[in-house]
Amino acid sequence: MSTATSARGLSTREVAAATGLTWRQLDHWDRTDLFRPSIAPGVQSGIHRRYSTADVRMLRLIRSMLDIGLSTDCVRGVVPYLSQTVLD
């Protein structure tokens, strides 16, 4: 990622392409507090969200946990721990 991109963050569209998630999933996860973008959480549906590269790593991890069958509630419980310990 270029310096300019890292300074402004990644758009929802860029993150969707990088993670295989849809913009609707990203929007839903932000609105339900499963995962909020660290640079700029959404004000409206997806328009203003900005994600960091660490956010992309966390979203890939969340997707993997859901893909193997962990419940959303379980994932929601471990995301704060992972954010503070694994991805820092």
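Student: Leaving aside its neighbours within four places in sequence, which residues is Val79 in contact with?
Tutor: In this predicted model, Val79 lies in helix 5, which covers residues 72-85. Once neighbours within four places in sequence are set aside, the residues in contact with Val79 are Leu34, Phe35, Met58 and Ile62.

Student: Is Val79 buried or exposed?
Tutor: A residue counts as buried when its relative accessible area is under 20%. The relative accessible area of Val79 is 7%, so Val79 is buried.

Student: How many helices and strands does the protein chain have, and in what order do the elements run?
Tutor: The secondary structure of the protein chain comes to 5 helices and 0 strands. Read from the N terminus on, the order of the elements is therefore written with helix symbols, under the rule that helices and strands are numbered from that end, and it is α-α-α-α-α.

Student: How are helix 4 and helix 5 oriented to each other?
Tutor: Two packed helices are described by the angle between their axes and the distance between the axes. For helix 4 and helix 5 the angle is about 150°, and the axes are 10 Å apart. Angles over 145 degrees count as roughly antiparallel, and therefore helix 4 and helix 5 are roughly antiparallel to each other.

Student: What is the handedness of the crossing of helix 4 and helix 5, and which classes of residue make the contact?
Tutor: The crossing of helix 4 and helix 5 is right-handed. On the side of helix 4 the contact is made by Met58, Leu61, Ile62, Met65 and Leu66, while helix 5 brings Thr72, Val75, Val78, Val79, Leu82 and Ser83. Sorted by class, the contact of helix 4 with helix 5 has 9 nonpolar, 2 polar and no charged residues.

Student: How is helix 2 oriented to helix 4?
Tutor: The axes of helix 2 (residues 12-19) and helix 4 (residues 53-67) come within 10 Å and cross at roughly 50°. An angle of that kind makes helix 2 oblique to helix 4.

Student: Which residues make the contact of helix 2 with helix 4, and what are their classes?
Tutor: Helix 2 passes helix 4 in a right-handed crossing. The contact is made by Val15, Ala18 and Thr19 of helix 2, together with Val56, Leu59, Arg60 and Arg63 of helix 4. By class, this contact of helix 2 with helix 4 has 4 nonpolar, 1 polar and 2 charged residues.

Student: Does Arg13 count as buried or exposed?
Tutor: Arg13 lies in helix 2, and its C-alpha atom is 9.7 Å from that of Arg49, a residue 36 places away in sequence. Because its relative accessibility is 72%, Arg13 counts as exposed.

Student: What is the phi of Asp33, and where is Asp33 placed?
Tutor: Most residues other than glycine have a negative phi. Asp33 is not a glycine, and yet its phi is positive, at about 65°. At 49% relative accessibility Asp33 counts as partly exposed, and its place is in the loop between helix 3 (23-31) and helix 4.

Student: How much of the protein chain counts as buried?
Tutor: The protein chain exposes about 5300 Å², of which carbon and sulfur atoms supply 54%. Counted by residue, of the 88 in the protein chain, the buried share is 36%.

Note on methods: Residues are numbered from 1 along each chain as its sequence is written. This is a predicted model: local features need pLDDT of at least 70, side-chain atom pairs count only at pLDDT 80 or more; totals for chains, interfaces and linings use all residues. Side-chain values use heavy atoms; hydrogens and water are left out. Helices (H or I, at least four residues) and strands (E, at least two) are DSSP runs, numbered from the N terminus. Buried means under 20% relative accessible area, exposed over 50%, partly exposed in between (1.4 Å probe, protein chains only). Contact means heavy atoms within 4.5 Å. Axes are lines fitted to C-alpha atoms, for helices over the stretch in contact, and angles run from 0 to 180 degrees between N-to-C directions. Angles under 35 degrees count as roughly parallel, over 145 as roughly antiparallel, 65 to 115 as roughly perpendicular and the rest as oblique. A crossing is left-handed if the near helix is turned anticlockwise from the far one by less than a right angle, and right-handed if clockwise. Ala, Val, Leu, Ile, Met, Phe, Trp, Tyr, Cys and Pro count as nonpolar, Asp, Glu, Lys and Arg as charged, and the others, Gly among them, as polar. Accessible areas come from the Shrake-Rupley method with a 1.4 Å probe; for residues, only the protein chains shown count as cover.
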